[in-house]
Amino acid sequence: MRLLLVTGLRRGELCGLRRGDLEPVQGTLRVRRQIVVEDPGSRLRVKPPKSHNGKRTLILDPLTLDMLSEVAASRGAASRYLFTGRTGRLLRPDNLTDRFNKLAEAAGVRPIKPHQIRHLTRVDTVRRRLRRARGRRTTRP
């Protein structure tokens with residue numbers, strides 16, 4: 001869940017991450033695909049990210065990088081995906097939402113959708129960039 005909180009990934013993008021998307025030396029994570037649930041039959045499909053800007057490379061903070069490196073190492077040859085369901089198959093985005101809501105309930109907070117976190121992350125990023133831009137303007141002669 002930390003990865004959703006610090007990166008603003010869509011849940012399908014998180015489910016589509018593969019071990020090869022993580023670049024520990026550079027401290028980056030490449031987003032190249034998403035997992036989607038298709039009706040009928042609730043089949044899972046691997047597709048490109050939702051938007052034209054969806055393919056991107058994220059810079060990770062050291063704690064998140066360490067966490068993901070441990071996850072990747074623990075996968076071994078079992079799966080090329082970073083996150084899988086209990087059976088070792090692709091993690092379903094709807095199962096990720098269910099798990100997220102259970103964690104929120106256990107923490108005693110109101111459940112929100114993972115997509116709402118994406119928007120909160122974006123707002124925070126914009127605020128930080130604006131503060132930095134203002135700081136640069138006031139420090140220049």
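Helix H4 gives the lining of the largest pocket its largest share, six residues.

First, the ground rules. This is a predicted model, so to speak of local features we need pLDDT of at least 70, side-chain atom pairs count only at pLDDT 80 or more, and totals for chains, interfaces and linings use all residues. Residues are numbered from 1 along each chain as its sequence is written, and side-chain values use heavy atoms, with hydrogens and water left out.

Back to the pocket. Its space comes to about 590 Å³. A pocket here is an open set of points on a 1 Å grid over the protein atoms alone, where a 1.4 Å probe fits and protein lies on both sides within 12 Å along at least five of seven lines. The volume is the space filled by probe spheres set on the points, with grid points joined across faces, edges and corners. Rolling a probe the size of a water molecule over the atoms shows where empty space is left.

Which residues lie nearest the centre of the largest pocket? They are Thr-84, Leu-91, Asn-95, Leu-96 and Arg-99, out of 21 lining residues; a lining residue has an atom within 4 Å of a point. Helix H3, 62-75, and helix H4, 93-107, each supply at least two residues of the lining. By class, the lining has eleven nonpolar, seven charged and three polar residues. For those classes, Ala, Val, Leu, Ile, Met, Phe, Trp, Tyr, Cys and Pro are nonpolar, Asp, Glu, Lys and Arg are charged, and the others, Gly among them, are polar.

Now the fold. The chain has five helices and five strands, in the order α-α-β-β-β-β-β-α-α-α. Helices are DSSP runs of H or I with at least four residues, strands are runs of E with at least two, and both are numbered from the N terminus.

Of the 141 residues, 33% count as buried. Buried means under 20% relative accessible area, exposed means over 50%, and partly exposed is in between, with a 1.4 Å probe and protein chains only. The chain exposes about 9500 Å², and 52% of that comes from carbon and sulfur atoms; the areas come from the Shrake-Rupley method with a 1.4 Å probe. Among contacts with a separation of 6 or more, 58% join residues 24 or more positions apart. Contact means heavy atoms within 4.5 Å.

Next, the core. The largest nonpolar core has 22 residues, and those with the most contacts inside it are Leu-3, Leu-9, Leu-14, Leu-29, Leu-68, Leu-82 and Phe-83. Helix H1 (2-7), helix H2 (11-15), strand S2 (28-31), H3 and H4 each supply at least two residues of this core. The largest share, four residues, comes from H3. Such a core is a set of buried Ala, Val, Leu, Ile, Met, Phe, Trp, Tyr and Cys residues joined through side-chain atoms within 4.5 Å.

Phe-83 sits in the loop between H3 and H4. Is Phe-83 buried or exposed? Phe-83 counts as buried because its relative accessibility is 19%. Beyond four places in sequence, its contacts include Leu-3, Leu-14, Cys-15, Val-71 and Leu-91. Phe-83 and Arg-18 are 65 residues apart in sequence and 8.0 Å apart in space, C-alpha to C-alpha.

Thr-84 is in the loop between H3 and H4. Thr-84 is buried, with a relative accessible area of 15%. Leaving out residues up to four places away, Thr-84 touches Arg-75, Ser-79, Arg-89 and Leu-91.

Arg-75 belongs to helix H3 and is partly exposed, at 23% relative accessible area. Where sequence neighbours within four places are set aside, Arg-75 is in contact with Arg-19, Tyr-81, Leu-82, Phe-83 and Thr-84. Arg-75 and Arg-19 are 56 residues apart in sequence, with 8.4 Å from C-alpha to C-alpha.

Last, Pro-111. This residue is in the loop between H4 and helix H5, 114-139. Pro-111 counts as partly exposed, at 40% relative accessibility. Neighbours within four places aside, Pro-111 is in contact with Asn-101 and Ala-104. That is the tour.
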